[in-house]
Amino acid sequence: MAAKVTRLRTAPPARTLRIAAEAFLDTISSANTRRAYGIAIVKTVDQLDGRGPDGLIGHSRALDAVTDTEVGAALETLWGDAAVNTWNARRAAVGKWLSWCAEQGWTAPRVPTSAARSTPPDSDTPVRSRTAIDRLIGRRDVHLREKTLWRMLYETCARTEELLGLNIEDLDLAGRTAAVKSKGAKPRTRRRGAAHHEHVLENVYWDAGTARLLPRLIRDRTRGPVFVTHRRPGPGKYLADRDVCPTTGLARLSYDQARDLLDAATAVDGPGTGWDLHELRHSGLTHLGESGASLLELMAKSRHRKAENLRRYFKPSPQAMRELTSILGPGAERRR
């Protein structure tokens with residue numbers, strides 16, 4: 001008589017914090033985003049799992065056994081004394097992870113209201129004067145590539161990553177405009193890994209200063225990155241076709257390289273004391289505001305979605321405030 005084999009049903013393994021975190025991070029295609037989210041989520045999981053007397057992290061707890069209060073306490077312990085932007089970024093990453101877990105039908109805690117998002121303080125980014133910017137760009141020891149980038153950042157008020165991502169075919173030299181992939185640009189399709197042209201692009205505009213420099217920088221090139229390195233990439237470095245000039249074989253200039261070039265050109269007492277690339281965008285918007293541009297015009301120029309994001313770092317210079325205050329002084333009516 002043949003023996004009858006009965007399959008034993010075993011309970012599925014408990015869904016732990018660590019398993020849930022790894023599952024969520026695996027859904028993120030961008031390496032930089034995955035790294036940033038991983039810092040917040042992995043540290044939070046370690047905090048919730050606890051450490052024993054030997055300093056080692058214990059077994060990961062079940063996801064459905066953690067309460068909202070414990071999540072808030074973990075965030076406060078890890079980043080309660082951190083800068084506002086750091087707190088907001090870490091809190092948002094953990095909140096995104098827990099919301100994703102709930103969307104999968106898993107029982108998961110939430111970030112409690114007690115661990116609310118903090119309002120960022122006003123920006124302390126310095127405003128560079130028009131004279132200082134003109135002197136920097138007019139220096140003979142500064143390469144044409146840097147002059148063009150810095151002037152373009154100031155006149156377009158665009159983000160550095162947006163301009164560094166430009167290709168020559170994106171430019172409209174006659175119209176003094178270019179289509180850029182903005183921060184947070186949405187792809188036109190739901191497919192992951194959409195190419196540059198498959199995103200919704202926005203226009204930036206420049207004036208005579210950039211218009212004089214761009215043709216000299218591009219010369220006879222018709223395709224490829226606008227801003228390129230001075231040396232070809234090494235044989236072991238992989239680059240997308242869009243990031244290499246087909247004429248010269250030079251690679252696209254990176255943000256880190258552009259940042260170091262501006263720092264070196266403006267440092268007074270050694271490296272690390274010079275200007276930041278964002279200061280050129282910030283200064284351009286501030287100067288437009290001082291010249292009487294409305295908030296709506298500044299939002300259109302900077303392409304901010306919310307007015308409070310623009311007000312946060314728009315701060316008139318002391319000279320502009322003195323001129324404004326002079327309207328209230330005695331004899332102001334006669335001076336007007």
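Predicted model: local features only at pLDDT ≥ 70, side-chain atom pairs only at ≥ 80, totals over all residues.
Let's start with helix α5, which spans residues 130-137. Its residues I133, L136 and I137 are buried. Those three cover an arc of only 90 degrees around the axis, so they sit on the same side of α5. And what do the buried residues of α5 pack against? They pack against α6 (144-156), α9 (255-266) and α10 (278-290).

A quick word on cysteines. The structure holds zero disulfides. C101 counts as buried, at 0% relative accessibility, and C157 is buried too, with a relative accessible area of 1%.

Now, the charged pairs. How many salt bridges does the structure hold? There are 16, and I'd like to show you three of them.

One joins R159 to E162, with the closest N and O atoms 2.9 Å apart. Both R159 and E162 are buried.

Another brings together the side chains of E202 and R303, at 3.9 Å from N to O. This pair links distant parts of the chain, 101 residues apart: E202 is in strand β3, while R303 lies in the loop between α11 (295-302) and α12 (307-311). E202 is partly exposed at 22% relative accessibility, whereas R303 is buried at 7%. These residues also belong to a network of salt bridges that links R159, E162, E202, R303 and R305.

My last pair is R176 and D207, whose side chains meet at 3.8 Å, N to O. R176 is in the loop between β1 and β2, and D207 is in the loop between β3 and α8, 31 residues apart. R176 is partly exposed at 32%, and D207 is partly exposed at 45%.

Key: Residues numbered from 1 in each chain as written. Heavy atoms only, no water. Buried < 20%, exposed > 50% of the residue type's maximum accessible area, 1.4 Å probe, protein only. Helix = DSSP H or I, 4+ residues; strand = E, 2+ residues; numbered from the N terminus. Arc of directions from axis to C-beta. Contact = heavy atoms within 4.5 Å. Disulfide = S-S within 2.5 Å. Salt bridge = Lys/Arg side-chain N within 4 Å of Asp/Glu carboxyl O.
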